[in-house]
Amino acid sequence: MCPKSYDTSAKWWKEAVVYQVYPASFNNGKPVTRANGWGDVAGIIDKVPYLRSLGIDIVWLSPIYMSPQVDMGYDIADYKSIDPRYGTLSDVDLLIRTLRDHDMKLMMDLVVNHTSDQHLWFVESASSKDSPKRDWYIWRPAKGFDEAGNPVPPNNWAQILGDALSAWTWHEATQEFYLTLHTPEQVDLNWENPEVVTAVYDVMEFWLRRGICGFRMDVINLISKDQSFPDAPIIDPASKYQPGERFYTNGPRFHEFMHGIYDNILSKYDTITVGETPYVTDMKEIIKTVGSTAEELNMAFNFDHMEIEDIKTKGESKWSLRDWKLTELKGILSRWQKRMKEWDGWNAIFLECHDQARSVSRYTNDTDEFRERGAKLLALLETTLGGTIFLYQGQEIGMRNFPLEWDPETEYKDIESVNFWKKSKELHSPGSQGLAEARKLLQKKARDHARTPMQWSAAPHAGFTVPDATPWMRVNDDYKTINVEAQMSFPCQIKGELSVWQYWQQVLQHRKLYKDAFIYGDFEDLDFHNEKVFAYLRSSGDRKESWLVAMNWTTSAVEWTVPPGVHVTRWESSSLQTAPPVASQPTITLQAFQGVIGCCS
């Protein structure tokens with residue numbers, strides 16, 4: 001039976017706005033001697049006042065630990081040291097103090113499903129079968145040897161970031177395989193070993209004592225594996241390796257491990273925690289982790305809306321595209337809004353992160369004609385849904401995917417994109433339709449689109465670094481017109497309209513002002529089957545606050561009638577102009593990608 005307590009108890013982390021910084025691409029710090037085309041902690045410190053002015057409460061950093069950067073820092077070589085590219089521990093201490101001075105907090109990325117193969121733990125583990133740390137990782141003998149004498153992996157699991165590759169890596173020196181679910185350089189820790197668990201606790205204590213407010217936990221629900229390591233069912237007959245997530249997602253001891261983290265570490269601190277928990281959509285399972293009495297995590301990212309474009313007839317397939325209907329998106333968001341309320345959990349609200357393409361390019365229309373409108377519509381959507389808001393760098397100015405014309409050979413840096421393009425070239429000849437489709441998929445869905453440098457101004461390199469430096473990744477070509485400086489100084493009083501940045505600032509303030517409805521309140525669908533307009537009511541528990549949100553999701557104007565029984569006393573704001581519709585009119589005109597908020601009696 002699901003709980004029915006409808007917990008709406010106030011918590012600071014429920015009301016917080018979290019801003020994710022992708023450090024390599026955020027801001028290359030000053031002085032000039034440190035300006036090398038790679039973002040750093042000094043650059044983040046420079047922008048703390050900017051983040052405060054936007055309305056941010058918590059800064060979440062993607063990994064800045066010591067790393068060979070095979071997977072942009074998610075391959076950690078030392079959890080207690082900062083990679084020199086980003087700065088030093090002293091820089092992080094200064095960032096924590098600077099954030100605190102601006103009434104803000106720092107959240108770190110915790111990556112403990114795997115380490116880099118350069119971590120000293122693995123170096124020692126690989127030194128000998130008799131090493132004291134041998135069992136800190138997952139080692140298995142070969143299943144056998146093929147006709148050419150090559151060792152056969154223990155099972156047929158595919159790599160997550162390269163599905164044409166085995167999830168196992170052969171170690172010639174000790175004649176065994178080790179598990180590497182993501183890339184060969186990211187080695188899965190063996191959580192069955194209590195010493196590993198204790199070491200993770202120590203890492204968490206190290207950072208919490210330093211003054212951070214909590215963790216985003218990377219693929220945390222993969223830490224417990226089926227210890228029999230069976231072969232995965234054949235989903236794609238053409239592939240040698242198959243998706244094995246059913247055997248390592250929320251595995252047999254996952255909740256035991258998470259309770260241990262809470263009991264031994266998190267319960268001692270007033271933290272914010274959010275889990276990246278892929279492959280899980282069953283509410284009964286999710287609530288075991290994020291329910292108000294679960295004693296595991298505060299919340300977890302739900303990826304249903306992020307996979308709305310995927311064709312899943314052959315299993316989980318990111319590299320595919322299909323057309324989707326607005327009612328599908330409505331259904332996903334409505335379901336999570338209602339179920340978390342009913343099941344006493346809490347939502348993490350996000351439309352972008354470092355692992356996803358830009359939201360304005362995915363959910364609306366990123367052409368010059370409609371990009372600003374679409375970006376503001378998405379701002380209205382995100383800030384009127386219940387849960388904790390996660391805003392990704394550049395989302396506040398409506399940054400979009402880079403163009404199709406960019407060369408996949410030189411401009412795509414992400415290991416997942418590189419693996420996909422390599423596989424595509426092996427399958428399709430140059431100039432073929434198949435290779436053209438692969439290039440289109442990269443332009444729509446690659447993680448690289450979220451990782452282009454932040455566009456601060458129309459200066460060279462978008463102000464991300466000094467003119468003489470070369471950014472580690474190419475700046476999107478549109479930076480001269482789409483940048484923070486232009487949007488913060490946009491003459492809204494003269495134009496009668498807000499920039500994307502100004503609109504984000506406004507709707508974040510409005511959300512906090514009426515938090516009983518928008519953060520903690522009830523959610524009610526309106527006109528659900530309408531494929532053009534997304535509308536709903538948000539109401540406080542005592543019904544003293546009630547708000548209508550209506551959004552036109554098309555490129556043309558739409559006449560929309562407020563449903564019977566909904567009485568708008570005033571239209572508070574519009575995403576397109578400062579003058580909203582007239583409250584006395586039951587039918588309103590919503591322009592292309594326009595959203596409105598109305599106060600209801």
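Reader: Not counting residues up to four places away in sequence, which residues does Lys133 touch?
Author: This is a predicted model, where local features need pLDDT of at least 70 and side-chain atom pairs count only at pLDDT 80 or more, while totals for chains, interfaces and linings use all residues. Residues are numbered from 1 along each chain as its sequence is written, and side-chain values use heavy atoms, with hydrogens and water left out. With those sequence neighbours not counted, the residues in contact with Lys133 (heavy atoms within 4.5 Å) are Trp121, Glu124 and Ser125.

Reader: How far apart in space are Lys133 and Val196?
Author: Along the sequence, 63 residues separate Lys133 from Val196. In space, C-alpha to C-alpha, the distance is 9.2 Å.

Reader: What is the relative accessible area of Asn27?
Author: Asn27 belongs to the loop between α2 (23-26) and α3 (41-46). Beyond its neighbours within four places in sequence, Asn27 is in contact with several residues, among them Gly39, Asp40, Trp456 and Phe464. Asn27 counts as buried because its relative accessible area is 2%.

Reader: Which residues does Leu381 contact, leaving aside neighbours within four places in sequence?
Author: Leu381 is one of the core residues that touch the most other members. Once those sequence neighbours are set aside, its contacts are Leu333, Leu351, Phe534, Tyr536, Met551 and Trp553.

Reader: How many charged residues line the largest cavity?
Author: On a 1 Å grid over the protein atoms alone, a cavity is a set of points where a 1.4 Å probe fits but cannot get out, and lining residues have an atom within 4 Å of a point. The closest to the centre of the largest cavity are Asn302, His305, Leu333, Ala348 and Ile349, out of 14 lining residues. Asp, Glu, Lys and Arg count as charged, Ala, Val, Leu, Ile, Met, Phe, Trp, Tyr, Cys and Pro as nonpolar, and the others, Gly among them, as polar. The lining has 9 nonpolar and 4 polar residues, and the number charged is 1.

Reader: How many disulfides does the structure hold?
Author: A disulfide is a pair of cysteine sulfur atoms within 2.5 Å. Take Cys600, which is buried at 9% relative accessibility: the closest cysteine sulfur, in Cys599, is 6.6 Å from its own, too far for a bond. Cys492 also counts as buried, at 15%. For the structure, the number of disulfides is 0.

Notes
A nonpolar core is a set of buried Ala, Val, Leu, Ile, Met, Phe, Trp, Tyr and Cys residues joined through side-chain atoms within 4.5 Å. Buried means under 20% relative accessible area, exposed over 50%, partly exposed in between (1.4 Å probe, protein chains only). On a 1 Å grid over the protein atoms alone, a cavity is a set of points where a 1.4 Å probe fits but cannot get out, and a pocket is an open set with protein on both sides within 12 Å along at least five of seven lines; lining residues have an atom within 4 Å of a point. Helices (H or I, at least four residues) and strands (E, at least two) are DSSP runs, numbered from the N terminus.
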